[in-house]
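Please look over the sequence and the model shown here. A short report follows for a reader who is new to protein structure.

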Amino acid sequence: MPAEVQEIKLRRDRDALRRQRSPHRKLYDLAIWRGRDGLRQQQLARQPLCERCLSQGKTTPATTVNHRKPHKGNWSLFIDPANHESVCKDHHDSLIQREEARDHVIGSDGNGMPLDPDHPWNRR
Ligand SMILES: [Zn+2]
């Protein structure tokens, strides 16, 4: 098998696994998200470039809408346009991988407390 085919197959397996592991993936099938005038399209129309690349001085077309703060099934976070961020596939993949690797949200609030409500620091 040529290396490129193998790579594509690997990536497909990884994506399938990721979808399986995400309990909220069904939200992305809703018309409000993926419809012709859905939230995803609206965000990409507002910001067609990857915001992470832009901050590094690069212009890359965005292909994916990321949730700045993972919604974890929280409807308000899911649909909040302020929580949407246009990213390229590379950035999206690396963001997801980092969050999966740590299993909690990257980032903290102004007090240095982790933003992730499930972070051990925020569990009482
Ligand atoms: Zn990017």
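## Basis of the model

This is a predicted model, in which local features need pLDDT of at least 70, side-chain atom pairs count only at pLDDT 80 or more, and totals for chains, interfaces and linings use all residues. Residues are numbered from 1 along each chain as its sequence is written.

## Overall layout

The protein has six helices and two strands. Helices (H or I, at least four residues) and strands (E, at least two) are DSSP runs, numbered from the N terminus. Read from the N terminus, the order of the elements is α-α-α-α-β-α-β-α.

Of the 124 residues, 10% are buried. A residue is buried if 20 or more other C-beta atoms lie within 10 Å of its own, exposed if 12 or fewer, and partly exposed in between, with C-beta atoms placed from the backbone. Two residues are in contact if their C-beta atoms, placed from the backbone, lie within 7 Å. Among contacts with a separation of 6 or more, 42% join residues 24 or more positions apart.

## Pro48

Pro48 sits in the loop between α3 (39-46) and α4 (51-54). Pro48 counts as exposed because it has 12 C-beta neighbours inside 10 Å.

Beyond its neighbours within four places in sequence, Pro48 is in contact with Pro61, Ala62 and Ser86. Thr63 is 15 residues from Pro48 along the chain, and their C-alpha atoms are 8.0 Å apart.

## Lys72

Lys72 belongs to the loop between β1 (64-67) and α5 (75-79). Its phi is near 45 degrees, a positive value in a residue other than glycine. Lys72 is partly exposed because 15 other C-beta atoms lie within 10 Å.
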